[in-house]
Amino acid sequence: MAEFIKIYPKNPNPKQIQKIVKVLKNGGLIIYPTDTVYGLGCDITNVKALERIARLKGVKLEKSNFSFVCEDLSNLSDYVKQIDTTTFKILKRALPGPYTFILPGSKNLPNPFKKRKTVGIRVPDNSIALALVAALGNPIVSTSIRDDDDVLEYTTDPELIHEKWDSRVDIVIDGGYGDNEGSTIIDLSEDEPIVIREGKGSIEIF
């Protein structure tokens, strides 16, 4: 049974954040708010947790398209090859924000992702998500929680999310109503930016 924890976005309670981080470090799965839709996440360093998420999503871990949710751009070099000034300027301009950027992966990627040529990086503009990543000390591997109902696509009500995911995750965070539009995905791994999916983030930024 998933614990349902209410956190106020204006000033996330450090005790609650630490409690959730402890669960993440022990291989737990959480559903948490971002600046777009609610996400399903785990500690990037915990292989068992990564395998659990892959099973839930019905994908092979090494072939998954999970995003790495970071606190800021400072630990980008841990997972991404050196990027040029133009790319860095785009990232600085857009983040934190509702974007996922596809970047060339480095050799230091965690074992399950070693063979990946690219990684998706997120720095959401959401105080709860950023507080979790900061307290954890490394990125959260994340994927959006899509609905079976294609018309809805994303549930926005945390209580309904908790109802649906209760037996599959360890914690559901209630950080208020979520959005029903995913992040804008932009591939910066080639010479020119390519918009893979237009979502909440404006592409006018480019």
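Modeller: At 0% relative accessibility, Pro124 counts as buried, the term meaning under 20% relative accessible area, with exposed over 50% and partly exposed in between (1.4 Å probe, protein chains only). This is a predicted model, in which local features need pLDDT of at least 70, side-chain atom pairs count only at pLDDT 80 or more, and totals for chains, interfaces and linings use all residues. Residues are numbered from 1 along each chain as its sequence is written, and side-chain values use heavy atoms, with hydrogens and water left out.

Pro124 sits in the loop between β6 and α4 (127-136); helices (H or I, at least four residues) and strands (E, at least two) are DSSP runs, numbered from the N terminus. Not counting residues up to four places away in sequence, Pro124 touches Thr34, Asp35, Val69, Cys70, Pro96, Gly97, Ala129 and Leu130, contact being heavy atoms within 4.5 Å. Its C-alpha atom is separated by 9.2 Å from that of Ser183, 59 residues apart along the chain.

Next comes strand β9 (residues 184-187), where Thr184 and Ile186 point one way, Ile185 and Asp187 the other, and all are buried. β9 runs parallel to β5, joined by four bridges; strands pair if DSSP finds at least two bridges between them. Ile186 is the bridge partner of Phe101.

Phe101 also belongs to the largest nonpolar core, of 40 residues, where Ile31, Phe68 and Phe101 touch the most other members. Such a core is a set of buried Ala, Val, Leu, Ile, Met, Phe, Trp, Tyr and Cys residues joined through side-chain atoms within 4.5 Å.
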